[in-house]
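This report walks through a two-part reading of one model. Keep the sequence and the coordinates open alongside.

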Amino acid sequence: MATLKLLIAVSIVYVVFLFCVAFAADRAARQGRGAWLRSPLIYTLSLSIYCTAWTFYGAVGFAARSGLEYLTIYLGPTLVMIGWWWSLRKLVRIGRAQRITSIADMISSRYGKSNLLAVIVTLIAVIGTTPYIALQLQSVSLSFAAFAETERGLVDAGAVQDTALYVALGLVVFTILFGTRNLDANERHHGVVIAIALEAIVKLLALLAVGVFVVWGLSDGIVHTLERIDASQIADWEVSPSRWTGLTLVSAAAFLCLPRMFQVMVVENEDEGHLRTASWAFPVYLMLISLFVVPIAAVGLEVMPTGANPDLFVLKLPLLAGQEGLAILSFLGGFSSATSMVVVAAIALSTMVSNHIVMPIWLRATGGTATISGDVRQVALLARRLSIAGIVLLGYVYFSLSGGGTALAAIGLVAFVGVSQFLPALMGGLFWRGATRTGALAGLCTGFVVWLYCLFLPSFGPGVLLPQSVFDAGPLGLGWLRPYALFGAEGMDSVVHAVMWSLLLNTAAFIIGSILSFPSPMERLQGAQFVNVFEHSRTAGSWSGGMAQSEDLLIMSQRIMGAREAQALFADMARRQGLSGYLPEPSPEFLERLERELSGSVGAATAHAMISQIIGRAAVSVEDLLAVADETAQIMEYSSQLEAKSEEQARTARQLREANKLLTQLSLQKDEFLSQVSHELRTPMTSIRAFSEILRDTSELGPEAQQKYSSIIHDESRRLTRLLDDLLDLSVLESGKVTLNTQSGRLGDMLDRAVAATSGDPGLHIIRETAQEDVWLTTDHDRLAQVFINLIANARKYCDAPEPRLTIQPRMQDGRLVVDFSDNGSGIAMADHGLIFEKFSRIGETKTSGAGLGLAICREIMARLGGTISYLPGQKGATFRVVLPVETRLAAQ
Amino acid sequence: MKPAKSVFLERRSYRRRRMGDAAVLLPLFGTVLLLIPLLWQSAEGGARTTDVMLYIFGVWALLAGLARLVSGYLEVGPAAGTEEGVVEPSHEGPG
């Protein structure tokens, strides 16, 4: 009796301790002191709710019945965990980006926020989890009974039921207290998480302690234990390959799909980086948990009386050996496993039930609008609390009705297969954009029905829910529909049979349904965001509304999120938009964020429905889809814009370099020009000064000499004036300030003028083709004549032929007027071709005066007149070509 | 924003990508290793539970070790400076 009392006392202390820890953690997190609460280690430990009482007690029973097969249940999750990089990481990223609250929310969000899907997922989850909760209650009450048994002999069933009821009630209180403290299911339940992390340590330590006791206490070390295993009933490695692979697959699938696993893995996830640690630490945890299972089973089979329930070996071996302390630790381990599972499962399921079943019904019942009176927040919280109580008590009812028999022990695998039906829709939705709501519905329903018929209903035994005749001959005598031999697949293990058919048909229906159906815009929008979550982690704007609605939105949000939180959110958004007060413009960004915040509280489907009631638009338009596509395009466009910009900058830099080079060159040219000008000016100045000094200082100069000197002075000053005139002319021309005196005239007249102006020296014979000269031009005649004069004068000056001849030959070429001035001299050397049009360039030795500005002026004039002047190489003598655009000529006609 | 995909990566990001490949292949590798004991049954007399147990726990430890090794090279989360990481802040800005 002492042990039982001690057990009760220890249990109560343990429970109080858990409450305190949860409370302290919640408080610490609230005050922002809970950094250690968010460590990867806590995350890893919280994942251990995978190991329930079914693991703690059941694994040994499993091993005692079928050897190493129990390992498959832990190998599947191990494989999933080490493959976190491509599966879990994406799941967690989406869960955080979309503020997913449960697996039902996840699947519903992916397929266009369909509430129907969410309801189906919720139903399957409830049906699959309730027996599992019953199993936990059973394990706690059975383990309690085991203690009582050793004290007082047999315990009546009523006492067992009572224990289960107390445990259930305690769990309801704990879960409601710490699981529904805040409405936002997306907010972390620090208290709950820390409590289950603590329980994870307790159950691991308890199992390890029992294992160590069995190996070193009941046996003589490892070698001896191995010998005992070899001598036991489970010595031979006899595992059916189909069960080995089938169970590994199912446990891997269940690990991803179990509502409670989804809750701790995705919803409670604080940081994606925690997965990195969990990827190896959780497999290690699973390995340690299963390490001593076979030794305990083998020794138990040997020591315990025949017919003892192997599920309780973990507890009964220490009890049998009189190790009451160890037995109590073991009991606490089992208690921890059971309670942590129930708490998390209840939170996960209650979120699903309240968000996807109760809230939509309530919203509809209250007139279909969220703005009518009534506190949505309180309703949602109440719905969740009632759901928790309902789910746990449903488990209790299930437990009492099933009588706590061994049938319940098999329910673990049955539940696994049930939740595995989510896998095709979940994974397909994650990686295949073509997956549609219709496909997901078809797959889920098919899988669910097959599971119900092939595994769940028959698991109660013949004659309970399915009559014996259905097992033997199929419904209505249809032999191919027998639950354990569907489509004639006889002789298979019932679980493997159900796994194969349910997942096969589920996947097939999912794929065929997806291929044949056409997704709604909302589905395509969500699909793109799920599948490409790593490319753009943002939801696209899909709302538009007017200012009048902001107030309605605030009223609604206050009811759901609580007044303070909602006002803070609205004020923040208003500030971001540059507005004061609490009413932001209902911009798409704002509505999108609001929807995400609300979906953290009531689930995506409900949040979407509520906002669309106020905004008045539930559907996604094609524009929204385009916006999603645009986002990617925008990113690409932006990057190409950047590229273009940097190219442009490179171009500008290049241009700047060129301009700089040009400026340097110009500066050099200017210096050169100045020195040239000074030189040109100094030469006449020198002679003027010299001769005027002679005239001044020499008194006995004859009149002839006087005449000669003063005429030299006169000539030189004329030359100087001419030079300055030319310079002035050139500078005017170059600066472009010259005004052209445009008029109409005949080319011949201009040539006549030029020839007359240069006729001072008769030595040059000019040959003209007067027939060709009958061309009318509209141009500046004086300037053009100046060019001609210059060319004729040049020929006169530089033609070195004994009988100098100049041919002036006008003609039309390519619609332009071309006038060639060619003499019969020796021409200009090739090397000087580039220089002749430069200022002050004089070729060869000069026999006549000239500053070398003539051709430079000609070039400038021709440029002003829209034509060109160039030196034509390869002729007999020097040939200059003057080209005038035809437009000038046409204008004259 | 997102730099044009270059054909060659620098050593570190190259190593990270290959470790990403390794992380994807690791579960396949583990599956194969865990299926191997199924072949031992057909042998005359069959394998003993203890042998298989030691093998599987060995593989388990190996897989956990490899997972730790590989995950040490992988960068997680939006702040990790991977391609999606760079995109993030610019979205926050105007929002």
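## Conventions

This is a predicted model, in which local features need pLDDT of at least 70, side-chain atom pairs count only at pLDDT 80 or more, and totals for chains, interfaces and linings use all residues. Residues are numbered from 1 along each chain as its sequence is written, chains are lettered from A and ligands numbered from 1 in the order in which they are written, and side-chain values use heavy atoms, with hydrogens and water left out.

## Chain B

Chain B has three helices and zero strands. Helices are DSSP runs of H or I with at least four residues, strands are runs of E with at least two, and both are numbered from the N terminus. Along the sequence the pattern is α-α-α.

Of the 95 residues in chain B, 36% are buried. Buried means under 20% relative accessible area, exposed means over 50%, and partly exposed is in between (1.4 Å probe, protein chains only). Take the contacts (heavy atoms within 4.5 Å) in chain B between residues at least 6 apart in sequence: 68% join residues at least 24 apart.

## The interface of chains A and B

Chain A puts 48 residues into the contact, and chain B puts in 42 residues. The buried area is about 4,300 Å², with 69% from carbon and sulfur atoms. Buried area here is the accessible area (1.4 Å probe) that two parts lose on being put together, summed over both. On the chain A side, Ile82(A), Trp85(A) and Trp237(A) lose the most area to chain B, together 17% of what that side buries.

Several helices of chain A give two or more residues to the side that touches chain B, including H5 (72-82), H12 (241-257) and H29 (622-697). H14(A) gives the most, with nine residues. The chain A side divides into 29 nonpolar, eight polar and 11 charged residues. Ala, Val, Leu, Ile, Met, Phe, Trp, Tyr, Cys and Pro count as nonpolar, Asp, Glu, Lys and Arg as charged, and the others, Gly among them, as polar.

## Helix H30 of chain A

H30(A) runs over residues 703-735. Its 33 residues should span 48 Å at 1.5 Å a residue, and the end C-alpha atoms are 47 Å apart, which agrees. The expected span is 1.5 Å times one less than the number of residues. Buried residues in H30(A) include Tyr709(A), Glu716(A), Asp729(A) and Leu733(A). Just after the helix, Gly736(A) takes a positive phi of about 75°.

Glu69(A) sits in the loop between H4 (58-66) and H5. Glu69(A) is buried, at 5% relative accessible area. Leaving out residues up to four places away in sequence, Glu69(A) touches Phe62(A), Val239(A), Arg243(A), Trp244(A) and Leu247(A). Glu69(A) and Val239(A) are 170 residues apart in sequence, yet 6.5 Å apart in space, C-alpha to C-alpha.

Ser87(A) lies in the loop between H5 and H6. Ser87(A) is also buried, with a relative accessible area of 5%. Lys113(A) is in the loop between H7 (103-110) and H8 (115-152). Lys113(A) counts as buried at 16% relative accessibility. Most residues other than glycine have a negative phi. Lys113(A), not a glycine, has a positive phi of about 55°.
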